[in-house]
Every structure is written in C-alpha cells, then in structure tokens.
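Reader: I'm new to this one. Can you walk me through it?

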Amino acid sequence: MKYIQVKKNKIDGDEPDLGAASNVVVRLARIIPKNLNYMVYFDNYYTSIGLLAYLAKNGIYSLGTVRRNRIINCKLPTDKDMKKNDRGTSYEYVGTYETVDISSLVRKDNKIVSLLSTFAGQQPMSTVKRYDKVSKTSKEISCPYVIKEYNRHMGGVDLIDSFIARHKICIKSKKWYIRLFLPFIRHDSIKCLDVIQTN
C-alpha cells in the first residue's frame with residue numbers, strides 16, 4: 001500500500017507567503033511568462049492586496065472580486081452606506097501598495113460587489129439594461145469598465161456555479177466512490193442542459 005504525502009503550503013525562496021488561498025494563485029502563475037502583459041482573473045476567495053502587488057511586480061496584470069475585510073485601510077463606503085444609494089452607483093479609490101497602483105471599486109447592482117485591479121478602473125463608463133421591479137420596465141444604469149471586464153472573463157465560472165446550485169442531485173451515500181462520482185454526473189448533466197438550450 002502506498003501512502004500519499006500531503007505537502008504543506010510550499011513556496012519558493014523568492015515568493016512571499018501570502019496565505020493559503022493566495023499562494024495557490026502564486027504557484028499556478030509560475031508558468032506565466034513575466035512582463036508580457038498577461039492578465040489573471042480570480043474570485044474573492046483568492047484576492048488580496050499582497051497578491052495583486054506581487055503579480056504586478058512580475059509583470060502580470062490581475063483583477064478579482066474581494067472581500068471587504070481584506071482591503072487594508074479601506075476608503076470606500078461601507079455596505080450600509082451603499083445600500084442607501086441608487087442602483088448602478090459606484091465608487092473608486094486608487095491607492096499604492098509597495099509601489100504598485102491598485103484600483104479598488106465598490107458598486108451597487110442587485111448586490112454590492114467590491115473589486116481590486118491593477119489594470120482596469122471605473123473609466124470608461126458604459127450602460128447596461130436592468131429590470132426595475134417598481135416601474136416594471138427596463139432601465140439603463142451605469143456600469144464601470146472593471147465590472148464589464150470581470151464579467152467578460154469570469155461569467156462562465158459563475159454561471160456554472162449557479163447552475164450547479166440550482167440542479168442538485170438529491171442522492172446521499174456514505175460510499176466514497178459514489179460521493180466522488182456524483183459531481184461528475186452533475187457537471188455533465190448541466191453541460192447537456194447548456195447544449196439543449198443553445199440548440
């Protein structure tokens with residue numbers, strides 16, 4: 001019987017220890033050529049200011065949603081203040097961390113979302129259509145460039161996550177191989193639904 005050795009959060013000598021989640025991105029970014037204007041997009045689980053600064057120093061642009069408690073000395077309005085604003089309202093603050101300019105933005109749409117980026121900001125603004133429940137019509141609201149850029153590249157990941165949440169398989173088992181196999185069935189069934197809907 002072979003034993004699998006679980007490696008701890010291993011980092012190279014020239015890489016900073018940014019925490020378990022951010023170190024995953026650092027390890028995966030090792031294969032990306034430096035200073036060739038590549039862009040990396042990630043979700044709020046991985047995003048931190050230290051990660052964005054490290055990637056920018058290596059010539060890799062990055063963008064991701066962020067949890068508000070990970071923004072050091074946050075100058076953006078709180079969620080409580082943002083709820084008082086109209087839909088489509090956004091605020092941006094550009095700060096410097098270890099000689100890297102990082103844009104932080106908060107926007108209110110259906111929910112309040114915060115983003116960090118080293119290459120995109122609020123401008124140029126565009127408009128998007130959203131349904132207004134009160135007037136029962138579609139309204140155009142402003143949309144920052146960083147939001148459009150994030151949705152353009154991360155939309156598929158979030159979409160499949162939402163499909164998986166809606167189409168759960170209600171089979172429970174204590175057998176390890178069934179628990180391992182069910183996510184594949186769920187993923188394939190969602191892919192089939194996507195193919196049927198596009199045809």
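**Aromatic pairs**

Author: Start with Phe 119. This residue counts as partly exposed, at 23% relative accessibility. Keep in mind that the model is predicted.

Reader: How many aromatic pairs does the structure hold?

Author: Three. One of them joins Tyr 41 and Phe 119.

Reader: What's the geometry of the Tyr 41 and Phe 119 pair?

Author: Edge-to-face. The centres are 6.1 Å apart, with 90 degrees between the planes.

Reader: Where do Tyr 41 and Phe 119 lie?

Author: Tyr 41 is in strand S1, residues 38–42. Phe 119 is in the loop between strand S5 (112–117) and strand S6 (126–132). So the pair ties together parts that are 78 residues apart in sequence.

Reader: Is Tyr 41 buried or exposed?

Author: Buried. Its relative accessible area is 17%, and the cut-off for buried is under 20%.

Reader: New topic. What about Tyr 61 and Phe 119?

Author: Their ring centres are 6.0 Å apart and the planes are at 55 degrees, so this pair is tilted. Edge-to-face needs over 60 degrees.

Reader: Which parts of the chain does that pair link?

Author: Distant ones. Tyr 61 sits in strand S2, residues 60–65, and Phe 119 in the loop between S5 and S6. They are 58 residues apart.

Reader: What is the relative accessible area of Tyr 61?

Author: 31%, so Tyr 61 is partly exposed.

Reader: Which residues do the ring pairs link into a cluster?

Author: Tyr 41, Tyr 61 and Phe 119.

Notes: Residues numbered from 1 in each chain as written. Predicted model: local features only at pLDDT ≥ 70, side-chain atom pairs only at ≥ 80, totals over all residues. Heavy atoms only, no water. Phe/Tyr/Trp six-rings, centres within 6.5 Å; stacked < 30°, edge-to-face > 60°. Helix = DSSP H or I, 4+ residues; strand = E, 2+ residues; numbered from the N terminus. Buried < 20%, exposed > 50% of the residue type's maximum accessible area, 1.4 Å probe, protein only.
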